[in-house]
Amino acid sequence: MIIDVHTHIIPKNLPDFSKQFGYGEFIQLDHHEAGKAWMMQGNKRFREILANCWDAEIRIKEMAEHGIDKQVICTIPVMFSYWAKAQDALLVSEFLNDDIASTVNQYPDKFIGLATVPLQDTKLAVKELERCMKLGYKGVQIGSNVNNINLNDTQFFDFYAACEQLNAAILIHPWQMMGQEHMAKYWLPWLVGMPAEISRAACSMIFGGVFEKFPKLKVCFAHGGGSLLPTLGRVEHGWSCRPDLVAIDNKRNPKEYLGKFWVDSHVCDTEMLEYTVKKCGANRVMQGSDYPFPLGEAIPGELVHNTPLNDADKAMVFSGSAKEWLGI
């Protein structure tokens, strides 16, 4: 069995939230030709998407072609709407979550849902998480920061406690990349900013003692943990040589947290995937493609197939670790 834990989906039609709420550049879809739509932020084109981003039957056909048995589906991070008024972001989250729940209910043998929540308001985020878990969701996707507040901030602790209590998996995905306004050329926010954002999130949670306070938290850092694993030696060295700056909230060596969180396999390089499995353990690495986007795997699962791992480790990456993370 192969479970792809990192895929994105969006409703085919979105309400005009900007008109409904009277402000902001909430995403709209411009279906400019059959099977294609522009994601619009106000008058700006954010991204062109294809029908496999909203059509479950097309997804299932492509899954069969790629040998994928199940997809974990979650929204596109630009839809998080953390910048919006919390009550409005809740309405957006409810709309997106109801759509995913409908897709999962229609094809329960093919899809598993991760919710989105208005994390700018912890109480509302917990309320929506509780609702979604009752609908059959297995967890939640959150951003790497919330309006530039790092994920170790105490305002998120009640949310983490709820995730522990509900046994909800957490996928942390980069978004609102730091410094993106200074590096628009060459697609650098996606190539440089996204890996850095995931390391930012992971280091914040590690140094902030989040995994100490919430030891049952089931966190997966997308994109193979971003730049965390390749720079882990530097991170540890900083902890060792300047504890007065780094180890102020948590005295434990950051390397001790390897094996305490999950990462996906989307590292785009067989040697890097070997290194990731060596560092984290196959039971903490999961097949993740970032389907259906160009920067994701063109053929989901191909990287794991092509990486010289033993059969047991490949089986673990393809489904075993995901089953533990999702609680299925």
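Buried residues, meaning those under 20% relative accessible area with a 1.4 Å probe and protein chains only, make up 56% of the 328 residues in the protein chain. This is a predicted model, in which local features need pLDDT of at least 70 and side-chain atom pairs count only at pLDDT 80 or more, while totals for chains, interfaces and linings use all residues. Residues are numbered from 1 along each chain as its sequence is written, and side-chain values use heavy atoms, with hydrogens and water left out.

The secondary structure of the protein chain comes to twelve helices and eleven strands, where helices (H or I, at least four residues) and strands (E, at least two) are DSSP runs numbered from the N terminus. The radius of gyration, taken over C-alpha atoms, is 19 Å, close to the 20 Å that the globule rule (2.2 Å times the number of residues to the power 0.38) gives for 328 residues, so the chain is as compact as a globular protein of that length.

Strand S5, residues 70-74, shows the burial in detail, since five of its five residues are buried. In a regular strand the side chains alternate between the two faces of the sheet. Lys-70, Val-72 and Cys-74 point one way from S5, whereas Gln-71 and Ile-73 point the other way.

Strand S5 also has neighbours with which it pairs, a term that requires at least two bridges found by DSSP. Strand S1 (residues 3-8) runs parallel to S5 over four bridges, and Asp-4 has Gln-71 as its bridge partner. Strand S6 (residues 111-115) is also parallel to S5, joined by three bridges, and here Gln-71 stands opposite Phe-111.

Note on methods: Buried < 20%, exposed > 50% of the residue type's maximum accessible area, 1.4 Å probe, protein only.
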